Structure formats: C-alpha cells, structure tokens
Amino acid sequence: MSEDVLDPIGDPLALPDDREVVDLAALTARAKRGGRVDLLGARGGALPIAVASLARSLPRPIVLVAADVERARTLVSDLEFLTRGVVSAEDAEDAAIGDVLLLTAPEASPYTDVAPDRRAALSRLATLAHLASPSTGRPFLACVITAAALVRKVVPRAVLQSHCVNVVAEDELDRDALMTNLVEAGYLRVPVVEDPGTFAVRGALLDVWAPSAPSPVRIELDGDLVMSMKAFDPDGQRTRTAIKELRIPPAREAILDEAGVARAKRRVAELCDAVDLPTSKARQLAEDVAQGRAFFGAEGYLPAYYESLDPIFEYLPEDALWVVDDPVASVEALRDELARAERDARARTGSPAFAPSA
C-alpha cells in the first residue's frame, strides 16, 4: 500500500467540538456529488446516525470499513437499530434488501495450526451468499467489513452462486440432488437438526438449517413436489410459521464436488513435492484436504480447491458508497494483517503451504 493513502484533509465537513451532531443534509449533498468527503469529529453514535441517514437518502448500498471486529459489531448493532423500518418487511423478503451485513476475516492466520472455527465460517458464508445473490435494486443497506477482511481472499463468487439452492413451496425439488449438494457444500447429516449447517431426512420430511436462516426449516415432500415449508424450534422441534422460499447457501468454503476434490489432491501433492515431504505424510495431508477434514491448519489449504480465489471486491457492488471509520486505525489494521501473513509464511518455510498471494 502506498504511503500517500491518507491524503491531507481538505475542506472537511467538521463537527463542533462540544456537540455530536452531523449536518445530515450537507453530508448527503456531498455524497450525492461524488468524490471524497472527510467528516471530522464524528464521535459516539454520530457515525452510525450519519450512515443510516445516507442509507435512507441514497439509492446505493453502503460499505462501512471498521478497524477491528469489536468496532464492526458495535456499528452493526447501531445500524440495525437506526435503519429499522427503512424498507417494508414484504420488500425486504422479496428483494433481499433491508439488511445490515457483517463480514469479518478469519481470526487466525492461514499459516497458523489451529482448528477452523465452524460457527465463524458459517457466519462469513451467510454474508457472502447474501452478497453473491443476484437481486434487483439494492442487495443490502449497509455491509460492515473489517479492514483485515479486505485482504483475505474467499471462495470464487461463481462457485458460491452455483451451489446456492432455492427451494420454493409448491414447486418441484429433486431431493437426491439436494442431498448431494448439501454434503458437497459442507452440511452434516444428523439424526436431529439442532445446529446451523446440518440436515436430517425422515421419510418425506427434510430438515435443514442454512447458515443464513435464523432457524431450521422443515420441508415436506410428496414425491418431487414441495408440499410445505415451515420454520421450527430446534429445541422442541415444533413447527412455527410457514415460509414460501428458502435459500440454502454452502456451509463450507471448500466445495467437495468431483472437480474440487481432484484439484485439491493434485495441488496439495505439488506443494508436498516442492518441499520433499515424506510420501506417507504427503498422502495423508492430500487425503485430509480432499475430504474436507477440519484438521489444524486446514484453512490455509482453501486455495487447493479452486483455480484461484476471489478478492472480496468481486462480491461488493461497483456503485457502493464506501465509508471508512477511523481511517488511520483501519489502514494500520490492514497493514498489520498483510505483515502477519508474510511473517507467518516465512515461518512455514520448508512446509507445504500456499504463498500469501494465493
């Protein structure tokens, strides 16, 4: 990153030192004209209030960059409260808008031997699936993203889109094909669905809990016809409200379809050959990666499944309005993430690992 990323501030829209008030009209007018706006003194709740105002006034989604996870979660909480009711519930359901999204990077470096955090991965995939979903109009009101997430590559958008399944009530559904897709996409088949990323089959009933859904859904089938779909309580297993449509995104970034498994085995074998790893260890590592096992350091082998990963910018709308909270801290966090990757990669010299650029 160039050293002049933080240009000298010129003609800022400043707030008085003794007030936390934003001239929302002036801010909106500047944002509509385009270009960069420097807002000084936006302490406390002033920034989320300003962003919520922009969300109401502009026909563009907003990407809000935060320096760390704690600040990002605070901004999401504030924005969810402040933007409540911006769009009707019916419009939000039909067009998949009205949401405040959160996207964070994995906490661990891809070169650290730690077990993958499944819940965190499910949360990221739910957000990525929302961003990748084709929709008309504005796909979300605001997406809060940590600075570190800007540099971590993710599953290719085209792959994620191709493995998102839409199930519609009173439409036909190939149950066997859906079950195959669920297994390839990381869902665990269990006797009873109690956690996100799992599914269960009992006769004509198929229970599934998509990571993007607040609760599991029970799909009742009559042959290939979806008779009904109802959300249900994972504790008591009692059905609640009926739903018309269910979007099921992957539950794992590594899609274990035939092509992905073959590619993973080949690419891991190439990494092992490059460092002369003993054959038995190389064979075991290739098998663990190909089967998608959650071993220590598994996240570092995500590039093995694809020709290349996508930068997060492939998921974000080109017309989005970018807002950077605390630019100095955000740039420092971004640089720290890049430096950590380079440092950890050097520490893995002699071990089978992908380059930081992958």
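The model is a predicted one, in which local features need pLDDT of at least 70 and side-chain atom pairs pLDDT 80 or more, while totals for chains, interfaces and linings use all residues. Residues are numbered from 1 along each chain as its sequence is written, and side-chain values use heavy atoms, without hydrogens and water.

I then turned to the aromatic pairs, of which the structure holds 3; rings of Phe, Tyr and Trp (its six-membered ring) pair if their centres lie within 6.5 Å, with planes under 30 degrees apart counted as stacked, over 60 as edge-to-face and the rest as tilted. For F295 and Y301 I noted ring centres 6.1 Å apart and planes at 45°, so this pair is tilted. F295 is buried at 18% relative accessible area, and Y301 is buried at 7%. I also noted that F313 pairs with W322 in a tilted arrangement, 5.9 Å centre to centre with 35° between the planes; W322 is partly exposed, at 34%.

Next I checked R218, which lies over the face of F232 at 4.3 Å from the ring centre, the criterion being NZ of Lys or CZ of Arg within 6 Å of the centre and within 35 degrees of the ring normal.

For the whole protein chain, I recorded that 45% of its 358 residues count as buried. Of its contacts (heavy atoms within 4.5 Å) with a separation of 6 or more, 72% join residues 24 or more positions apart.

How values were computed
Buried < 20%, exposed > 50% of the residue type's maximum accessible area, 1.4 Å probe, protein only.
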